[in-house]
Amino acid sequence: MSSSAPSSALLDRFAAIVGEKHVLREAADIAPHLIENRGLYHGTSPLLLKPGSVEEVSAILKLAGETGTAIVPQTGNTGLVGGQTPREGGSDIILSLERMNRIRDIDPVGNTMVVDGGCILADVQKAAEEHGRMFPLSLGSEGSCRIAGNLSTNAGGTAVLAYGNMRQLCLGLEVVLPTGEIWNGLRRLKKDNTGYDLRDLFIGAEGTLGVITGAVLKLFPQPLGHQVAFAGIQSVEDALTLFKNASSLCGPALTGFELMPRIGVEFTVRNIPGVRDPLETSHPWYVLIDISTSDSAETAERMMATLLEQGYEAGLVQDATIASSEAQQKALWHMRESMSDAQKPEGGSIKHDVSVPVAQIPKFMHEAETAVMAAMRGARICAFGHMGDGNIHYNISQPVGADKAEFIGRWREMNKIVHGLVLQHGGSISAEHGIGQLKRDELASIRPEIEMDLMRRIKMAFDPAGIMNPGKVLKV
């Protein structure tokens, strides 16, 4: 890859591909695209391109490959590990997919949808609903995140327990390679064993192997019954037992099981407008339970009532409320999905997107709390997440009155503590947010050398010039 900045003449050649009205050159216009949501990374870029077709993306990458120009694909800019942010002090060109936002086709019989990579997730959900179907991926950022970004990070969200993450929700891809070649793998087949599964190489690759411009997504029938409950419990162990009971009782109808601490509820009630505490009395821990049934509303109602009744009798559930309307269901989910943002007004927050085997969650949580509190007196641990799939957002808010910069300066120290325990329990240091810049060096330190070498070989095979999202995932 060229180490020199692109000349003005070369920038003009890139701009000519999409047309000047689809180019950002001024620093003030590009600025929102140079910083990620948490403010950890600030990049530089001389140009942002907004192609409107796969052919324009192809022409951009072909020119980039010929000239050794680094390209950073960007969709909704909602990533949390700096994967979508250009390098600081560099001259990476940003390629935005925001204009490529067409729903190409919906097949309610085959339960598939073909979309552009730049489609906003909420728009995909709405389009599916209009055809009597459901696309189940649900994220707090669904109003702004885009499908190519969801695929590039193998997004998870709140419904992984029942439907899987993006890898399980995608049947086929259209990808522009670093050479400008277009791979049309938009197959709608659930069974296709014809050679290597190239699709899975691009999902989760964070734009380092190519640009995802289209996808075939799986759809599902709309559930006829839907129940959401919020329950106060005494301990994480009780939450795990309740989850086991819910899994046995509901089977695939259990579509969400979220764990939240009291401090997380307090943060959210205090800092997110319109959020209120669902229960009259406080409890150390809470679970949000989501049940969806395909046969009838009565089945979902019966399942939820039985689960909570058994929970009360076993001493697992201290108090609970069941949403009586769709608005109340959305309000309960809004509180859970706002929990990360609710930490911002509390000062600095050190984040960990980790996963451990579900049965290990209580032990991990106790060990992590002991270790973190020993290292940082007054730390406010706000650990919450998708208990049903083992994904915990182990976030640490700064002690009251602490200096924010000094607190954030201990990010790596806290990472070492939390991630060390995660690995001891057979877990992952990145459950759903990806690697990006934030965890790139740590990835290399914890994975076996053969695994890292295989990843580097794949990168070299697809992108020998090193133009695709350099400095992300791998240090090559």
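Me: What does Ile417 touch, leaving out residues up to four places away in sequence?
Reply: Ile417 touches Ala371, Val372 and Ala375. Keep in mind that this is a predicted model.

Me: Which helix is Ile417 in?
Reply: Ile417 sits in helix 14. That helix covers residues 411-424.

Me: And how far is Ile417 from Ser428 in space?
Reply: C-alpha to C-alpha, the two are 14 Å apart. In sequence, 11 residues separate Ile417 and Ser428.

Me: Moving on to Ile429. Where is it?
Reply: Ile429 is in the loop between helix 14 and helix 15.

Me: Buried or exposed, and why?
Reply: Ile429 is buried, because its relative accessible area is 4%.

Me: How far is Ile429 from Leu308?
Reply: Their C-alpha atoms are 33 Å apart. Along the sequence, Ile429 and Leu308 are 121 residues apart.

Me: Lys439 came up. Where does that one lie?
Reply: Lys439 lies in the loop between helix 14 and helix 15. Helix 15 spans 440-446.

Me: Which side chain of opposite charge is nearest to Lys439?
Reply: That is Asp353, 4.6 Å away. Lys439 is buried yet has no salt bridge.

Me: Why doesn't a 4.6 Å pair count as a salt bridge?
Reply: The cut-off is within 4 Å, side-chain nitrogen to carboxyl oxygen.

Me: What does Lys439 touch, with residues up to four places away left out?
Reply: Lys439 touches Asp353, His419, Ile429, Ser430 and Gly434.

Me: How many salt bridges turn up in the whole structure?
Reply: The search finds 27. One of them joins the side chains of Arg87 and Asp92, at 2.7 Å from N to O.

Me: What about Asp200 and Arg199?
Reply: Their side chains meet in a salt bridge, 3.3 Å from N to O. Asp200 is partly exposed at 27% relative accessible area. Arg199 is buried at 17%.

Me: What links Arg447 and Glu451?
Reply: A salt bridge between their side chains, 3.3 Å from N to O. Arg447 is partly exposed at 36% relative accessibility. Glu451 is partly exposed too, with a relative accessible area of 31%.

Me: Which residues are linked in a network of salt bridges?
Reply: Arg102, Arg104, Asp116 and Glu174 are.

Me: New topic, helix packing. At what angle do helix 8 and helix 10 cross?
Reply: Roughly 145°. The axes come within 10 Å. Helix 8 is residues 236-250, and helix 10 is residues 297-313.

Me: Left-handed or right-handed?
Reply: The crossing of helix 8 and helix 10 is right-handed.

Me: Which residues meet there?
Reply: From helix 8, Leu242, Asn245, Ala246, Leu249 and Cys250. From helix 10, Met303, Thr306, Leu307 and Gly311.

Me: How does that contact split by class?
Reply: Between helix 8 and helix 10 there are 6 nonpolar and 3 polar residues, and no charged ones.

Technical notes:
Residues are numbered from 1 along each chain as its sequence is written. This is a predicted model: local features need pLDDT of at least 70, side-chain atom pairs count only at pLDDT 80 or more; totals for chains, interfaces and linings use all residues. Side-chain values use heavy atoms; hydrogens and water are left out. Helices (H or I, at least four residues) and strands (E, at least two) are DSSP runs, numbered from the N terminus. Buried means under 20% relative accessible area, exposed over 50%, partly exposed in between (1.4 Å probe, protein chains only). Lys and Arg count as positive and Asp and Glu as negative; His and the chain ends are not counted. Contact means heavy atoms within 4.5 Å. Axes are lines fitted to C-alpha atoms, for helices over the stretch in contact, and angles run from 0 to 180 degrees between N-to-C directions. A crossing is left-handed if the near helix is turned anticlockwise from the far one by less than a right angle, and right-handed if clockwise. Ala, Val, Leu, Ile, Met, Phe, Trp, Tyr, Cys and Pro count as nonpolar, Asp, Glu, Lys and Arg as charged, and the others, Gly among them, as polar.
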